[in-house]
Amino acid sequence: MNNVSVRLVFDRKHVATKKRQSSVQMEVTYQRKRKYVGTGIKLYSDQWGKDLKVKNHPQSLVFNQKLNDMVSGIYDFVYQLSSQNIPFTFERLERYLNNSESGTTNSFLSFMEKRIYERQVTDSTKQRQKCVLKALKEFGRIKDFTDICDENIRAYDEFAKKRCKCQSSVYNYHKILKVFVREAYAAHLISENPYQNFKLDRGKRVARRFLTKEELVKLEAKQIDDMCLNRVRDLFLFCCYTVLALINNYLIVSVLRRATN
């Protein structure tokens, strides 16, 4: 067991520059064989020191703590095997790493998903939060707490601008994410809140256009074969003529307007 050694390796393939990131890995050596284990941390060439520690990064303290914990975790696993007279193998190490990853507490996405179900909010708010969570998974650069930094928030802003048609929608993407980033910061899961230095542009709200009298008459005379849609049309018209409020009626207006074309 004493033959197992672990050391941190940055930019193993020598591709990192000041504008291109590379990975930090753990090199596990046993009986002259090596296995490289990813840490999930990527850095630029000037963010890694000769003392094998992260430097010049806003999350340096968090990253270095995470790396220390990961290395210590492997040594603890090796010690547990030794105390039980179980021989070390890379297959056992891989199973240990997989189990640790599945139950990791470093996942911001898991934290956010858990809080979405825990927070006492309306169903519509919860649904919007789920949409942002789905977008984050597609974005791919914010997974763990260590990924929450100024650079990734700016990249997320560009990602949202490509998905949304107006700035007000981009603002809502940030507004929802900001809630959970603030919670993570308050719980000391991250050392800094990047939104403290990130200015959000609300954008201009687009006025919702109401249906004209002519459109209502046209809608009333329209023959709709779909029974469900036909019933929705009747309910909508009833609300219009009786001046009753209809929740989310803008969506229904859009659907029915297409039906009359």
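**First stop: a helix residue**

Select Ile176: its relative accessibility is 14%, so it counts as buried (buried means under 20% relative accessible area, exposed over 50%, and partly exposed in between, using a 1.4 Å probe and protein chains only). Before you click on, know that this is a predicted model, where local features need pLDDT of at least 70, side-chain atom pairs count only at pLDDT 80 or more, and totals for chains, interfaces and linings use all residues. Residues are numbered from 1 along each chain as its sequence is written, and side-chain values use heavy atoms, with hydrogens and water left out.

Ile176 sits in helix α6 (helices are DSSP runs of H or I with at least four residues, strands are runs of E with at least two, and both are numbered from the N terminus). What is Ile176 in contact with, leaving aside neighbours within four places in sequence? Show Arg128, Gln129 and Val132; contact here means heavy atoms within 4.5 Å. Now draw a line between the C-alpha atoms of Ile176 and Val132: they are 7.2 Å apart, though 44 residues separate the two along the chain.

**Into the cores**

Next, select Phe108, Met112, Leu136, Ile142, Tyr156 and Leu177, the residues that touch the most other members of the largest nonpolar core, which has 29 residues. Such a core is a set of buried Ala, Val, Leu, Ile, Met, Phe, Trp, Tyr and Cys residues joined through side-chain atoms within 4.5 Å. Colour α3 (108-118), α4 (123-139), α5 (150-163) and α6 (167-186), the elements that give two or more residues to this core. The biggest giver is α6, with 7 residues.

Zoom in on Leu136: not counting residues up to four places away in sequence, Leu136 touches Phe108, Leu109, Met112, Ile142, Tyr156 and Leu177. Then hop to a second, separate core of 25 residues, with Phe10, Ile41, Phe63 and Leu97 among them.

Most residues other than glycine have a negative phi. Asp11 is not a glycine, yet its phi is positive, about 55°. You'll find Asp11 in the loop between β1 (5-10) and β2 (22-30), and at 10% relative accessibility it counts as buried.

Asn56 also has a positive phi, near 55°, and lies in the loop between β3 (33-43) and α1 (60-83). Is Asn56 buried or exposed? At 57% relative accessibility, Asn56 counts as exposed.
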